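Dear colleague,

Please find below the structure that I am handing over to you. My notes on it follow directly after.

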Amino acid sequence: MNKQPLDPDAGNGVLSGHAILAKLAWAMRSEPGDVRPHNEDFAGVYAPTIPDDAWDRGPLFIVADGLGGHAAGEVASRTAVEAALEQWTGKAGVGAPHQAVRAAIRGANVAVFDAALQAQRRGMATTFTGLTLAGREAVVGHVGDSRCYLVRGETTTQLTSDHSRVGEMLRAGLITPEQAAHHPARSMISRTVGSEPSVQVDIVRQPTEAGDTFVLCSDGLWDMVSRHEITEVISAIGTPAVPTVAAAADALIEQALARKSPDNVTVLVVRVTTDRPVPAASSTRRSFLRRNRGVVR
């Protein structure tokens with residue numbers, strides 16, 4: 001992944017990266033957009049480039065959207081992602097995949113909460129949506145209102161539930177989806193990473209099939225690009241219009257930017273390209289990977 005150094009004027013800057021592996025392909029892109037001067041989103045990937053029979057755990061894909069204003073939101077999202085990746089590749093990443101995901105997010109929460117004790121960063125926090133593949137299952141860990149969608153064939157399903165005031169009202173039946181799309185409280189987040197000493201993490205487990213595509217994104221994308229439009233782009237992967245997963249990520253970002261998204265825009269696309277299992281977390285090859293792993297951060 002192309003990661004720029006933290007710049008007070010640009011925040012996390014423009015991020016991009018992609019890879020085609022034996023059993024999956026992934027691509028990500030993050031843009032400040034035309035409205036905000038700096039990027040408070042951040043994304044990270046752990047996906048070794050060695051053959052996956054040598055992996056000591058599954059891959060990890062993360063999107064985070066920082067809260068707390070200039071010079072704080074970008075710190076929160078970046079701190080969370082880097083702490084989670086460090087946790088994932090260390091001892092806490094060993095064990096059942098859903099437990100490892102939860103532990104990584106809790107580690108990120110501690111890191112952000114501790115960093116927020118500094119006076120100029122008080123109140124900062126971040127959303128966090130992470131995905132791993134283990135065997136024939138996807139595991140999603142989630143806090144906040146960044147989302148994870150599953151695109152299977154011509155159907156797109158939102159796997160995560162927004163932790164926001166509007167999300168709560170929608171689930172309670174107090175408003176309709178149409179009202180939620182334009183509700184003035186739709187940006188009020190009810191659960192974040194780093195705002196409290198501990199955090200409740202939603203875990204979603206989803207069986208996978210060859211051709212499944214997961215789209216992780218910040219609200220700068222899903223607020224501008226409809227579920228139907230996401231389906232159109234993802235289902236076109238492999239055609240001349242959208243030849244690769246990287247082209248799909250670019251197409252989604254460009255749609256949001258063309259509509260003048262009022263927020264930073266981040267998307268991470270992960271496509272399962274085989275019906276064979278992706279190895280689950282295991283500690284048997286950790287020493288090998290510490291010498292040879294290809295970690296994208």
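Apart from its neighbours within four places in sequence, Leu 216 is in contact (heavy atoms within 4.5 Å) with Phe 61, Ile 62, Val 63, Thr 129, Gly 130, Leu 131, Arg 147, Cys 148, Thr 266, Val 267 and Leu 268. This is a predicted model, in which local features need pLDDT of at least 70 and side-chain atom pairs count only at pLDDT 80 or more, while totals for chains, interfaces and linings use all residues. Residues are numbered from 1 along each chain as its sequence is written, and side-chain values use heavy atoms, with hydrogens and water left out.

Leu 216 counts as buried because its relative accessibility is 0%, where buried means under 20% relative accessible area (1.4 Å probe, protein chains only). Its C-alpha atom is separated by 6.5 Å from that of Tyr 149, 67 residues apart along the chain.

Leu 216 has its place in strand β11; strands are DSSP runs of E of at least two residues, and helices are runs of H or I of at least four, both numbered from the N terminus.

Strands β2 (residues 24–31) and β12 (residues 265–272) run antiparallel and are joined by eight bridges. Ala 25 stands opposite Arg 271 in β12.

Yours sincerely

How values were computed
Pairing = 2+ DSSP bridges. Buried < 20%, exposed > 50% of the residue type's maximum accessible area, 1.4 Å probe, protein only.
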